[in-house]
Amino acid sequence: QVQLVESGGGLVQAGGSLRLSCAASGSIFSIGAMGWYRQAPGKQRELVTTITSGGSTNYADSVKGRFTISRDNAKNTVYLQMNSLKSEDTAVYYCNADVAGWDFRSLRYWGQGTQVTVSS
């Protein structure tokens, strides 16, 4: 079994910064793409950003230039640096990862979510 544990959420004023972390643990052979999604109250979950195992990144237009995704493959951890935060960034943020176990099957796992609240 694989677990993803997020940390780093909280309350911040508009214009401020937060850094989210998501660490994968368990029966892991390798990790492919990792990413961050978010879900605001009353809205569908949306893609924020993804990063491949090779470091290629993709961002939603709404966060380009403000958010940066990175990963530490040695620690099985993905990060989300969020700068210039806006009230519309308020949401529960979820990380995910495509993890291959020792049976070489790849499954997508999700974290439990961490709340980010931006006050205006």
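Let me begin with the link between Cys22 and Cys95, which is right-handed, with 50 degrees about the S-S bond. This pair joins distant parts of the chain: Cys22 sits in strand E3, Cys95 sits in strand E9, and 73 residues separate them. Before I go further, please keep in mind that this is a predicted model. In the model, the sulfur atoms of Cys22 and Cys95 are 1.9 Å apart. The cut-off for calling a disulfide is 2.5 Å, so a pair of cysteine sulfur atoms has to lie within that distance. As a reminder, a disulfide is a covalent bond between the sulfur atoms of two cysteines.

How many disulfides does a search of the whole structure find? The answer is one.

Are the two cysteines buried or exposed? Cys22 has 0% relative accessibility, so it counts as buried. Cys95 also comes out at 0% relative accessibility and therefore counts as buried.

Why does Ser21 count as buried? Because its relative accessibility is 18%, and buried means under 20%. Leaving aside residues up to four places away in sequence, Ser21 touches Val5, Glu6, Ser7, Trp36, Val78 and Tyr79.

Now the protein as a whole. What is it built from? There are eleven strands and zero helices. Read along the sequence, the pattern is β-β-β-β-β-β-β-β-β-β-β.

On overall dimensions, the C-alpha atoms fill a box of roughly 50 × 25 × 25 Å, taken along the principal axes. A compact globule with 120 residues would have a radius of gyration near 14 Å, and the protein has 14 Å, so the value agrees.

Of the 120 residues, 42% are buried. If we take the contacts with a separation of 6 or more, 55% of them are between residues 24 or more positions apart. The accessible surface comes to about 6,300 Å², and carbon and sulfur atoms account for 48% of that.

Staying with the surface, which residues make the nonpolar patch of about 390 Å²? They are Phe29, Trp102 and Phe104.

Where is Asn76? It is in the loop between strand E7, residues 67–72, and strand E8, residues 77–82. With a relative accessible area of 26%, Asn76 is partly exposed.

To recap: Cys22 and Cys95 form a disulfide, with Cys22 in strand E3 and Cys95 in strand E9.

Technical notes
Residues numbered from 1 in each chain as written. Predicted model: local features only at pLDDT ≥ 70, side-chain atom pairs only at ≥ 80, totals over all residues. Heavy atoms only, no water. Buried < 20%, exposed > 50% of the residue type's maximum accessible area, 1.4 Å probe, protein only. Contact = heavy atoms within 4.5 Å. Patch = residues over 30% accessible without salt bridge, like charges linked within 9 Å, V, L, I, M, F, W, Y side chains within 5 Å. Areas by Shrake-Rupley, 256 points an atom, 1.4 Å probe, with all protein chains shown as cover. Salt bridge = Lys/Arg side-chain N within 4 Å of Asp/Glu carboxyl O. Helix = DSSP H or I, 4+ residues; strand = E, 2+ residues; numbered from the N terminus. Rg over C-alpha atoms; globule rule 2.2 N^0.38 Å.
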